[in-house]
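Reader: I'm new to this one and would like a walk through it. Could you take my questions as they come?

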Amino acid sequence: MAVSWKRKDLLDLESLSTEEIELILQTADSFKEISQRPIKKVPTLRGQTVVLFFFEPSTRTRTSFELAAKRMSADIVNIQTNASSLTKGETLKDTAKNIEAMKVDIIIIRHSSSGAPYLLAESISPSIINAGDGSHEHPTQGLLDIFTIKEHKKKISGLNVSIIGDIAHSRVARSNIWGLTKLGAKVTVCGPATLMPPEIERLGVKVTYDVKEAIEGADVINMLRIQIERQGQSLFPPIRDYSMKFGLDAEKMRYAKKDVLIMHPGPINRGIELTPEVADGPYSVILEQVTNGIAVRMAVLYLVSGVKKRIE
Amino acid sequence: MDILLKGGHVVDPANNIDSEMDVLIKDDKIEQVAKNIKASGIPQEAKTIDCKGKMVFPGLIDMHTHLRQPGREDEETFLTGSRAALKGGFTSVLCMANTNPVIDNKGMVEYVYSESAKAGLINIYPVAAVTKGLEGKELTEIGQIAEAGAKALSDDGKPVMNAEILRRALEYSKMFGLPVISHCEDMNLSMNGVMNEGFVSTKLGLKGIPRTSEIVMVMRDIELMRLSGARLHIAHVSAKESVEAVREAKKRGIKVTCETCPHYFMLTEDAVIGFNTNAKVNPPLRTKEDVEAIKKGLADGVIDVIATDHAPHSLEEKDVEFDFAAAGMIGLEFALSLANPELIKSKVLGWSDLIRRMAVNPAKIIDLQGKGSLAAGSDADVAVFDAGAEWVVEGKRIESRSKNTPLIGRKMCGAVVLTIVGGKIKYENGKFN
């Protein structure tokens with residue numbers, strides 16, 4: 001491939017070109033094999049320091065990034081805190097500048113506030129990788145979803161992908177929409193009207209409130225996690241009503257294509273988004289997503305670390 | 001000292017003047033405005049200033065500023081706010097009540113007058129709160145506040161959410177002839193919102209403030225005004241439908257007035273892209289369609305006033321996550337230099353229309369006698385503007401103590417070169433006296 005990677009940071013999929021996305025996927029493909037070896041370690045990032053800077057609780061994404069970095073021989077530091085404690089004392093920028101002063105190479109940040117990784121990217125020199133910012137983007141999740149789809153379907157262009165759930169608050173939905181539409185998929189978003197952000201069709205997606213319509217003809221169904229703590233707020237319907245209307249069960253699966261892929265970014269609220277028989281059923285690629293997450297994150301770490309070296 | 005402003009293009013809409021004239025100032029009053037004032041009529045010691053090629057206006061009046069004194073003197077003071085005002089051609093400003101402590105009693109109104117007099121650069125008039133502590137619960141002592149000389153009442157920064165309380169405030173303030181300035185926002189609809197709700201908020205994953213939050217309160221307040229028969233002025237109109245609601249009300253004979261701010265006729269929600277906290281303001285920047293509607297409202301007179309909503313914030317309140325950043329931007333130094341290209345050059349307004357909205361109408365609405373006019377005997381508050389001057393906004397050259405503006409790096413068209421307050425030259429070519 002002619003394209004080379006020139007970005008210090010990975011902040012979103014919105015600004016990536018089709019070629020850049022393809023490059024990450026190809027790179028991930030070559031890294032996937034490392035995790036299948038008995039000795040799962042390569043020296044690629046030896047001597048580099050990676051900081052995992054997590055302002056929101058996370059098990060899956062943090063572990064996935066940590067393993068990705070460790071399998072490439074990087075040194076890892078974990079910082080787990082929450083955004084509200086920082087607002088009272090040191091600012092995000094000050095904390096970041098202190099970490100920068102300790103001469104680290106890559107900062108992976110998750111934050112409950114949309115745009116927080118951008119604040120770091122413009123003020124400090126280490127590479128910044130967005131591991132999820134508010135309701136904005138979660139680029140590595142988008143990439144690993146696309147990687148998993150591609151493994152099964154061989155291509156993305158022309159596929160019908162339905163994303164179902166709380167679209168308004170979902171960074172996974174936004175990164176999937178950007179990545180999939182750039183690669184030529186036809187994306188449908190489906191969820192309760194209260195959780196559908198305004199003018200989302202301008203991102204080039206179809207909007208429906210009818211889950212049957214979203215299931216029929218879909219090559220891929222990506223079920224978003226709903227945040228149960230939002231229940232009781234005006235925007236969220238009662239959980240049982242949500243589950244009946246938008247949850248995926250064996251009954252609704254009768255409308256699905258025979259070779260449909262069922263995805264979920266995890267962690268699953270069993271019985272709400274997916275019944276166990278669907279989550280664990282033959283169409284489910286949910287655990288493959290988790291496996292692929294490491295390969296995709298290794299690829300991203302590798303690509304951004306290369307840019308930094310060139311700058312030095 | 002007497003001053004003769006020679007040969008400038010005088011725009012004095014209160015007296016239907018829009019042509020080349022001389023302006024003679026004697027002591028603290030306007031003595032005469034006429035073509036080629038004869039040497040015989042000019043006191044010998046008068047200082048003559050050549051204004052050829054420049055515009056001469058009555059001093060601008062800003063109905064909406066936040067000067068942060070007392071409580072946040074690190075962000076602005078009467079002195080630094082006055083300097084920003086002079087650089088923008090403003091000779092009088094109203095300062096809002098949301099200071100710490102709040103301007104919600106007679107003593108605080110007196111404090112604003114006595115402390116701002118120490119700065120001694122421009123006329124500063126306090127707006128007092130509608131409710132104690134801006135809490136929306138209990139009316140302030142409006143009678144005593146009026147007696148102390150507050151020019152209006154407002155809980156600006158917040159709405160008075162309880163319609164019954166606003167109704168009684170309007171009825172009570174009517175006795176003293178004080179207008180109520182309304183910040184129109186339904187707090188339930190805008191809860192936790194940080195920018196305009198629409199395509200950009202969807203893209204950025206930021207919580208939106210629906211335009212409806214403003215519109216329903218504009219409509220509510222117009223009806224409360226009708227019910228009470230009091231004077232109501234709607235602050236910082238930003239949405240197309242709000243302009244339409246005011247237009248309809250005026251057609252129905254309701255004497256409501258309203259203002260917009262420069263950012264609402266020149267910026268859209270696109271300014272937020274990249275999570276630019278300097279573009280975070282309340283009400284939020286909206287869409288191109290709204291900008292067009294605001295311009296139309298200015299052109300047809302539905303919008304009476306251009307105010308700045310000058311809202312200084314320290315760097316530490318802006319250089320944070322977008323969700324946590326304070327809302328607001330400074331505006332005193334830029335208003336006229338933005339109106340010049342955006343409204344005058346693009347033929348939305350003529351000069352007289354603009355000065356009506358920036359001087360004549362504010363003086364009328366808040367009942368400032370002898371201001372907003374260059375008639376003989378008026379206060380000698382005058383601004384001289386070089387419409388052709390160009391400059392670039394630079395942080396270090398901003399007079400306001402705070403630098404929070406999305407205009408850094410932007411080319412400005414036109415600069416105030418001279419500002420006279422009460423017959424004294426307070427600002428001339430970048431220098432303050």
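Author: What follows is a chat about a predicted model, going from the interface to the details inside each chain.

Reader: How many residues of chain A are in contact with chain B, and how much area do the two chains bury between them?

Author: On the side of chain A, 25 residues are in contact, and they meet 15 residues of chain B. Carbon and sulfur atoms account for 61% of the buried area. The area that chain A and chain B bury between them comes to about 1,700 Å².

Reader: Which residues in chain A lose the most area to chain B?

Author: Three residues stand out here, and together they make up 24% of what that side buries. They are A:Ser113, A:Ser114 and A:Pro198.

Reader: How many salt bridges are there between chain A and chain B, and how far apart are the closest N and O atoms of A:Glu14 and B:Lys203?

Author: The count between the two chains is two salt bridges. One of them joins A:Glu14 to B:Lys203. To count, the nitrogen and the carboxyl oxygen have to be within 4 Å. In this pair the closest N and O atoms are 3.6 Å apart.

Reader: Which element gives the largest share of the side of chain A that touches chain B?

Author: The elements of chain A that give two or more residues to that side are α3 (83-88), α4 (92-101), α5 (116-121) and α7 (171-182). The largest share is three residues, and it comes from α5(A).

Reader: And how do the residues on that side divide into nonpolar, polar and charged?

Author: Let's sort them by kind. The side of chain A that touches chain B has six charged residues and nine polar ones. The nonpolar residues there number 10.

Reader: Moving into chain A, which strands are the edge strands of the open sheet?

Author: Five strands of chain A form this open sheet, with parallel pairing, in the order β7-β6-β5-β8-β9. Neighbouring strands are turned by 20° against each other on average, direction ignored. An edge strand pairs on one side only, and that picks out β7 (206-208) and β9 (261-263).

Reader: Which residue in β6(A) stands opposite A:Asn160?

Author: Strand β5 of chain A covers residues 160-164, and strand β6 covers residues 186-190. These two strands pair in the parallel sense over five bridges. The residue of β6(A) opposite A:Asn160 is A:Lys186.

Reader: Over in chain B, which residue does the side chain of B:Glu115 join in a polar contact?

Author: B:Glu115 sits in helix α2 (residues 106-119) of chain B. Leaving out residues up to four places away in sequence, B:Glu115 touches B:Gln69 and B:Phe78. B:Pro70 is 45 residues away along the chain, yet its C-alpha atom is separated from that of B:Glu115 by 9.6 Å. The polar contact, at 2.7 Å, is with the side chain of B:Lys118.

Reader: What phi does B:Asn192 have?

Author: Most residues other than glycine have a negative phi. B:Asn192 is in the loop between α5 (187-190) and β11 (195-196) of chain B. Although B:Asn192 is not a glycine, its phi is positive, at about 65°.

How values were computed: Residues numbered from 1 in each chain as written. Chains lettered and ligands numbered in written order. Predicted model: local features only at pLDDT ≥ 70, side-chain atom pairs only at ≥ 80, totals over all residues. Heavy atoms only, no water. Contact = heavy atoms within 4.5 Å. Buried area = accessible area lost by both parts, 1.4 Å probe. Salt bridge = Lys/Arg side-chain N within 4 Å of Asp/Glu carboxyl O. Helix = DSSP H or I, 4+ residues; strand = E, 2+ residues; numbered from the N terminus. Nonpolar A, V, L, I, M, F, W, Y, C, P; charged D, E, K, R; others polar. Pairing = 2+ DSSP bridges. Axes fitted to C-alpha atoms, helices over the stretch in contact; angles between N-to-C directions. Polar contact = N/O pair within 3.5 Å; in protein donor to acceptor, adjacent residues only side chain to side chain.
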